[in-house]
Amino acid sequence: MTGEPYRVQWLGCDLQTGQIVEELPALAPSGPISRMLGKHTTAGFTLTLAGAPQGWEAATIPGRTMIVAVADDTPVWAGLVLTRTGGSAATVDLGTATPEAYLDRRYTADHTWTQQDEAAVIATGLLGDTTTNGIGLAVDAPATGTLRDRAYLDADDATVYSRLQELMAVDGGPEWTIDVQWSGASSVQLVARVRHRIGTQSSQPGAIFTHPGDVVSYQLAESYESGKGANAIRARGEGEGDTRYSSTDMIAADLLAAGFPRYEYRFTPSTSITSQTVLDGHATAALAVMREGASVWTVEAVASYAPRLGIDWTLGDTVGLHVIRSPRHPDGLFVTARAWGWEFDVTGDRLKPILLEDS
């Protein structure tokens, strides 16, 4: 535990080239910045004009620029500037979304892949649909060795974001995210990473959060609500009535045999799916997640004393939570889980890893 506060710089960068337009020391986040695997998050900022550099307008053009957070000299977060509001006030407000949101503004072209690698071919091909007049996105998607069949149509009006989420949601599907990294002394690069599993997984986590200690509070949220817990699952695809494509019912027979009531869940991962094999994969993946309900650990740590984000751990890594004692766990416990997301309150010196235990 260092006790050293993070040194955070806010940069306004060109979205296509990654070139730094201006450093924005007068920029302040209105809440935490955050990231999640396979989805986008949003953040708001306030720029005090009295302390803003001359080129602040060029550095914050909606649709053209992004804000990058550099913590201890490491880029850890980027947000596309989507809104800018100001007038007679002494400040300007900015609304941003992480780069994954851009994929929801680009549509999938016609593709047919038969027994092709899910990452090196399929995910890379989907991301390729964003490259023409895109955001300068590099792709890092080595082969996972898992071959899949996929057929996509431009006429389905499906975004690249939704297709990547569908691919990630199938049984054993690849995880993805968009990182930001240095590409030179005065520019950054957005990199779409696709892996069987993002981050570093290990039975012995390198980063451990401790309560009492750097962790000021933690919470285990468990739920068997609709959409969060189920033990009999069916995935549905294209069609209507008797002609609608459907998966086999995936059942947690062991739970039912042990006396657990049957909880059913039906969902449509995509209306364009016509393959039962694909639908079976979605139902199998959903059952693995939902059979015992949702369990999410949320940890609130003092950022300056906790394991350092971007150095000791990052998105997708295995981390540990050591509870020495608490009212909920008086005998203590040690949890090994994956950092599925995080929130960083820069001004409040608080860091919240969102941890999911492996099923």
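The model is predicted, so local features need pLDDT of at least 70 and side-chain atom pairs pLDDT 80 or more, while totals for chains, interfaces and linings use all residues. Residues are numbered from 1 along each chain as its sequence is written, and side-chain values use heavy atoms, without hydrogens and water.

A cavity is a set of points, on a 1 Å grid over the protein atoms alone, where a 1.4 Å probe fits but cannot get out; lining residues have an atom within 4 Å of a point. The volume is the space filled by probe spheres set on the points, which are joined across faces, edges and corners. The largest cavity takes up about 70 Å³. Of its 13 lining residues, Arg 35, Ala 78, Thr 98, Pro 99 and Ile 178 sit closest to the centre. At least two lining residues come from each of β4 (33-36), β7 (74-86) and β12 (175-184); strands are DSSP runs of E, at least two residues long, numbered from the N terminus.

Then there is Asp 72, in the loop between β6 (65-71) and β7. Asp 72 is buried, at 13% relative accessible area, buried being under 20% with a 1.4 Å probe and protein chains only. Its side chain makes a 2.6 Å polar contact with that of Arg 308 (a pair of N or O atoms within 3.5 Å, one able to donate a hydrogen and the other to accept it; residues adjacent in sequence count only if both atoms are side-chain atoms).

Technical notes:
On a 1 Å grid over the protein atoms alone, a cavity is a set of points where a 1.4 Å probe fits but cannot get out, and a pocket is an open set with protein on both sides within 12 Å along at least five of seven lines; lining residues have an atom within 4 Å of a point. Helices (H or I, at least four residues) and strands (E, at least two) are DSSP runs, numbered from the N terminus. Buried means under 20% relative accessible area, exposed over 50%, partly exposed in between (1.4 Å probe, protein chains only).
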